[in-house]
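User: I would like to learn how to read the secondary structure, packing and accessibility of a protein model. Could you take me through one case, giving the general idea before each example?

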Amino acid sequence: PEGVLIKVPSVLIKRSKLHFHRLPCNATVILGNNGYVWVGPHFSPDQPIEPFTVNSRETIARLSNVIRALAAYGVQLFDTIILTAYDISMKYKVKELLNAEVQEHVAQESYEHSLHQNL
């Protein structure tokens, strides 16, 4: 399947029994203990792969940028914080998520939210 592979420091991947996450935003995230993170569309091994749509490309780009932002600011990566950061990022355009100030805001707000939720 098509998608994006991101390398982050392996220490930022939260250890878990489950590293394959189907997110409600119609994307799949695989968090490897080795620091590799794969982001792509939902897929199933027994179904044919459907072509990328503009919406799925935007979702994957947004998730990729959010993961890079969290990693840049040393936030540990797991499914819940990625979804929180994704939701926070919705007030920005995908391209704006490349801005360091926006990345810092998304990472900081996500981290603070996770502290309040005891994640």
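Analyst: What follows goes through the sheet, the helices and then some single residues. This is a predicted model, in which local features need pLDDT of at least 70 and side-chain atom pairs count only at pLDDT 80 or more, while totals for chains, interfaces and linings use all residues. Residues are numbered from 1 along each chain as its sequence is written, and side-chain values use heavy atoms, with hydrogens and water left out.

User: In what order do the four strands lie in the open sheet, and is the pairing parallel or antiparallel?

Analyst: Strands of a sheet pair through backbone hydrogen bonds, in either a parallel or an antiparallel sense. Here helices (H or I, at least four residues) and strands (E, at least two) are DSSP runs numbered from the N terminus, and two strands pair if DSSP finds at least two bridges between them. In this model four strands form an open sheet in the order E1-E4-E3-E2, with antiparallel pairing. Strand E1 (4-7) and strand E2 (20-23) stand at the edges with a single partner strand each, so one side of each has no neighbour in the sheet. Neighbouring strands of this sheet are turned against each other by 20° on average, direction ignored; axes are lines fitted to C-alpha atoms, for helices over the stretch in contact, and angles run from 0 to 180 degrees between N-to-C directions.

User: Which residue of E4 stands opposite Leu5, and what is the bridge partner of His21 in E3?

Analyst: E1 and strand E4 (residues 36-41) pair over four bridges in the antiparallel sense, and Leu5 stands opposite Trp38 in E4. Four bridges also join E2 to E3, again antiparallel, and the partner of His21 in E3 is Val29.

User: Which residues of E2 are on its covered face, and which on its uncovered one?

Analyst: In a regular strand the side chains alternate between the two faces of the sheet. In E2 the covered face holds His21 and Leu23, and the uncovered one Phe20 and Arg22. As for what packs on the sheet, H1 touches E1, E2, strand E3 (27-31) and E4, and the direction of H1 makes about 160° with that of E4; contact means heavy atoms within 4.5 Å.

User: Where is Val29 found, and is Val29 buried or exposed?

Analyst: Buried means under 20% relative accessible area, exposed over 50%, and partly exposed in between (1.4 Å probe, protein chains only). Val29 is found in strand E3 and counts as buried because its relative accessibility is 1%. Not counting residues up to four places away in sequence, Val29 touches residues including His19, Phe20, Trp38, Leu63, Ile67 and Ile82.

User: What end-to-end distance should the 17 residues of helix H3 span, and which residues of H3 are buried?

Analyst: The expected span of a helix is 1.5 Å times one less than its number of residues. For the 17 residues of helix H3 (residues 100-116) this gives 24 Å, which agrees with the 24 Å between its end C-alpha atoms. In H3, Val102, Gln103, Val106, Ala107, Ser110 and Ser114 are buried. They cover an arc of only 130° around the axis, which puts them on the same side of H3; the arc is that of the directions from the helix axis to the C-beta atoms. The face of H3 turned away from the buried side carries the exposed residues Glu101 and His116, whereas the buried residues of H3 pack against H1 and helix H2 (79-89).

User: What do the buried residues of H2 pack against, and where is Ser64 placed?

Analyst: The buried residues of H2, among them Ile81, Ile82 and Tyr86, pack against E2, E3, H1 and H3. Asp79, also found in H2, counts as partly exposed at 30% relative accessibility. Ser64 lies in helix H1 (residues 54-72) and is buried, with a relative accessible area of 2%. Leaving aside neighbours within four places in sequence, Ser64 is in contact with Val4, Ile6 and Val39.
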